[in-house]
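Thanks for coming. Please take a look at the model on the screen, and I will walk through it.

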Amino acid sequence: MLIARTDARGAHGGSLDEAIRRANAYLEAGADLAFVEGPTSVDEVRRICKEVHGPVFYNQTGVSPRFSLEEMNELGIAVTILPGATFRATIQAVYDLARELRERGLVAESEFNERFKAHPLGNVHAFAGFDQVREWEEAYLPAEEMDKYTNSVGHQPAKR
């Protein structure tokens, strides 16, 4: 999947016209999605969706307007991302834990760790696919290659 991004809208002397022109050139050259960064109004997004001759990739963050799923479908946005929202959620969680650590000491981390274990992503290694990698290694590597796990304190597969 090739996502072609143009920042011409926000560049010095840049314009929406130039961003749309570049997005179309990228699509003509073989890009799968056109990513016009930096629209500042609903009207600009409408124009992008109307004038870009292919699927539009949208960054719903920063200066760009926010839309509901229904609105994005009506506009014709093919894919959207929300990196600012995920970043803000991350820094908020880190800040909150840091405050708890400062106020309550290391017991706050122990309590957080116990709560996290019950979270759907609480087993980070399993979420990252380490169990699957281990299964592949056992299936496809020579037996002596598995010796690397003997007495290891590294990843241990999830108990089934």
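Let me begin with contacts along the chain. If we take contacts between residues at least 6 apart in sequence, 45% of them join residues at least 24 apart. Keep in mind throughout that this is a predicted model.

Now the layout. There are seven helices and four strands in the protein. In sequence order the pattern reads β-α-β-α-β-α-β-α-α-α-α. The radius of gyration is 23 Å, well over the 15 Å that the globule rule gives for 160 residues, so the protein is more spread out than a compact globule. The C-alpha trace spans about 60 × 50 × 30 Å along its principal axes.

Next, the surface. Of the 160 residues, 26% are buried. As for charge, the protein carries 18 positive and 25 negative side chains. The centres of those two sets are 5 Å apart.

On to the interior. In soluble globular proteins, nonpolar side chains tend to be buried together. Here the largest nonpolar core has 20 residues, and the members that touch the most others are Val 36, Val 45, Ile 48, Val 52, Phe 67 and Ile 77. Which elements each supply at least two residues of this core? They are α1, at 16-28, β2, at 33-36, α2, at 42-51, β3, at 56-59, and α3, at 69-75. The largest share, five residues, comes from α1.

Let me take two of those core residues in turn. Val 45, setting aside neighbours within four places in sequence, is in contact with Pro 39, Tyr 58, Pro 65, Phe 67, Leu 75 and Ile 77.

Ile 48 sits in helix α2. Is Ile 48 buried or exposed? Its relative accessible area is 4%, so Ile 48 is buried. Again leaving aside neighbours within four places, Ile 48 has contacts with Leu 16, Ile 20, Val 36, Pro 39 and Val 56. Ile 48 and Ala 34 are 14 residues apart along the chain, with 9.6 Å between their C-alpha atoms.

Helix α2 also holds Arg 46. Arg 46 has a relative accessible area of 45%, so this residue counts as partly exposed. From Arg 46 to Glu 74 the separation is 28 residues in sequence and 9.7 Å in space, C-alpha to C-alpha.

Now a loop residue. Thr 61 lies in the loop between β3 and α3. With a relative accessible area of 12%, Thr 61 is buried, because the cut-off for that word is under 20%. What does Thr 61 touch, not counting residues up to four places away in sequence? The list is Arg 66, Pro 83, Gly 84, Ala 85 and Arg 88.

Last, a residue in the segment after α7, the helix at 130-140: Asn 151. Asn 151 has a positive phi of about 60 degrees, although it is not a glycine. Its relative accessibility is 76%, so Asn 151 counts as exposed.

To recap the individual residues: Ile 48 is buried at 4%, Thr 61 is buried at 12%, Arg 46 is partly exposed at 45%, and Asn 151 is exposed at 76%. That is the end of my part.

Notes: Residues numbered from 1 in each chain as written. Predicted model: local features only at pLDDT ≥ 70, side-chain atom pairs only at ≥ 80, totals over all residues. Heavy atoms only, no water. Rg over C-alpha atoms; globule rule 2.2 N^0.38 Å. Buried < 20%, exposed > 50% of the residue type's maximum accessible area, 1.4 Å probe, protein only. Contact = heavy atoms within 4.5 Å. Lys, Arg positive; Asp, Glu negative; His and termini not counted. Charge placed at Lys NZ, Arg CZ, Asp CG, Glu CD. Core = buried A, V, L, I, M, F, W, Y, C linked by side-chain atoms within 4.5 Å.
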